[in-house]
Amino acid sequence: MVAIRERLPALDRLAPAGEPAPSDMFDWTTPIDRTRLYICETLSPLYYTAVYRDLGEEHRLRYNQLTGILAVELIALLESEFLDAALAAVEAEEAPDSPLRAAVVRFARDERRHAAAWAKLTRLSEPGWYAGRARHIVRLPPGAAGLLRFVARHPIAFPVVFWVQLAQEERSIEISRRCMRMPADRIEPRYAGAFREHLVDETRHVQVDRHLIERFYAKRPAPVRRMTARLFRAITRGFLLAPAHSTSQVIAILAREYPELVPLLPRIRRELRALEENDDYHRMMYSRRTTPVTFGLFDRFEEFRQMRHVLRSYRPERQS
């Protein structure tokens with residue numbers, strides 16, 4: 001099969017027809033509805049295990065809610081701590097009248113608005129967890145957060161940042177789309193609204209990410225590109241494909257709330273580890289359907305075709 005290279009849209013054509021609704025239009029005062037899901041079931045790792053079917057309905061509901069909170073924490077972490085630093089560095093690099101600079105400035109403004117909404121959503125979900133702290137579930141391995149922040153602050157030297165941005169922005173679009181397809185009476189309305197608002201901006205952000213890769217990666221020397229591809233493979237394998245530390249924290253919280261699940265913990269952990277070899281899980285996370293722009297760029301740059309050794313759903317296609 002021959003992959004057709006998609007035309008890069010002009011930056012001045014990326015603005016949507018209207019501004020998305022501000023997050024203060026949501027009802028942040030009514031208590032969270034704990035009888036509903038927070039995220040589409042098919043987005044949760046445990047859904048792809050056999051043990052998931054052996055859990056009680058109340059266990060699956062609470063696991064889903066914890067996974068929804070984790071998803072919000074992960075998106076907020078990317079947007080508020082890493083993306084913000086990378087976009088600020090690009091803004092400083094570009095000329096004042098640059099269309100790319102204008103797009104990045106708007107990108108950063110969008111992300112700050114998103115971060116405020118995610119913070120309100122997590123506080124509404126679990127007020128006791130977020131008094132004076134931004135995260136409760138997300139766990140990064142020791143030293144990883146500092147390394148990622150350093151790379152984010154220097155995106156020109158380490159253009160892997162733009163690849164991480166692109167892959168995660170596309171993942172965010174897929175999360176929003178799956179949640180929006182759920183029946184309205186199944187998903188908590190504030191989660192549904194936050195994901196719906198997020199989708200409006202993320203579609204445009206993916207195209208800005210493509211411009212950033214074109215500007216700061218495509219013409220770099222081959223050694224820089226090869227190093228970038230190696231870094232991206234390591235980040236994807238270690239942090240993005242299966243956030244093991246954070247998923248373990250979700251399971252630990254679930255077991256504390258439902259002690260009857262403690263005897264199942266060894267099986268749950270074993271089956272979660274086996275997701276590394278699970279084709280359905282890989283297709284949900286990264287595939288030509290869920291992350292088409294990212295996979296198209298893997299095809300374009302030969303050094304990224306090695307992602308087939310990390311992502312089971314990726315098979316390189318020839319560019320025309």
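**Ground rules**

I am working on a predicted model, where local features need pLDDT of at least 70 and side-chain atom pairs count only at pLDDT 80 or more, while totals for chains, interfaces and linings use all residues. I number residues from 1 along each chain as its sequence is written, and my side-chain values use heavy atoms, with hydrogens and water left out.

**Entry 1: salt bridges**

I began with a search of the whole structure, and it finds 25 salt bridges (a side-chain nitrogen of Lys or Arg within 4 Å of a carboxyl oxygen of Asp or Glu).

I looked up Asp33 and Arg36, whose side chains meet in a salt bridge at 2.8 Å, N to O. Asp33 is partly exposed, with a relative accessible area of 23%, and Arg36 also counts as partly exposed at 23%. My cut-offs here: buried is under 20% relative accessible area, exposed is over 50%, and partly exposed is in between, using a 1.4 Å probe and protein chains only.

Next came Arg186 with Glu41, a salt bridge with the closest N and O atoms 3.9 Å apart. Arg186 sits in the loop between helix H4 (160-180) and helix H5 (189-216), and Glu41 in the loop between strand E1 (2-3) and helix H1 (57-93), so this pair ties together parts 145 residues apart in sequence. I take helices (H or I, at least four residues) and strands (E, at least two) as DSSP runs, numbered from the N terminus. Arg186 is partly exposed at 41%, and so is Glu41 at 24%.

Then I checked Glu257 and Arg62, which form a salt bridge with the closest N and O atoms 2.8 Å apart. Glu257 belongs to helix H7 (residues 244-257) and Arg62 to H1, so the pair ties together parts 195 residues apart in sequence. Glu257 is partly exposed at 36%, whereas Arg62 is buried at 7%. I also noted one network, in which salt bridges that share partners join Asp110, Arg113, Glu197, Asp201 and Arg204.

**Entry 2: H1 against H7**

I followed that pair to its helices. The axes of H1 and H7 come within 10 Å and cross at roughly 140°, which makes H1 oblique to H7. Axes are lines fitted to C-alpha atoms, for helices over the stretch in contact, with angles from 0 to 180 degrees between N-to-C directions. Under 35 degrees counts as roughly parallel, over 145 as roughly antiparallel, 65 to 115 as roughly perpendicular, and the rest as oblique.

Contact means heavy atoms within 4.5 Å. From H1 I listed His59, Arg62, Tyr63, Leu66, Thr67 and Leu70, and from H7 Ser246, Thr247, Val250, Ile251, Ile253, Leu254 and Glu257. By class they divide into 7 nonpolar, 4 polar and 2 charged (Ala, Val, Leu, Ile, Met, Phe, Trp, Tyr, Cys and Pro are nonpolar, Asp, Glu, Lys and Arg charged, and the others, Gly among them, polar).

**Entry 3: H1 against H3**

The axes of H1 and helix H3 (residues 144-153) come within 7 Å and cross at roughly 25°, so H1 and H3 are roughly parallel. I see Glu81, Phe82, Ala85, Ala86 and Ala89 of H1 meeting Ala145, Leu148, Arg149, Ala152 and Arg153 of H3. This contact has 7 nonpolar, no polar and 3 charged residues.

**Entry 4: His282**

I found His282 in helix H9 (residues 279-285), buried at 2% relative accessible area. Leaving aside neighbours within four places in sequence, His282 is in contact with Leu241, Leu275, Glu276, Val310, Leu311, Arg312 and Ser313.
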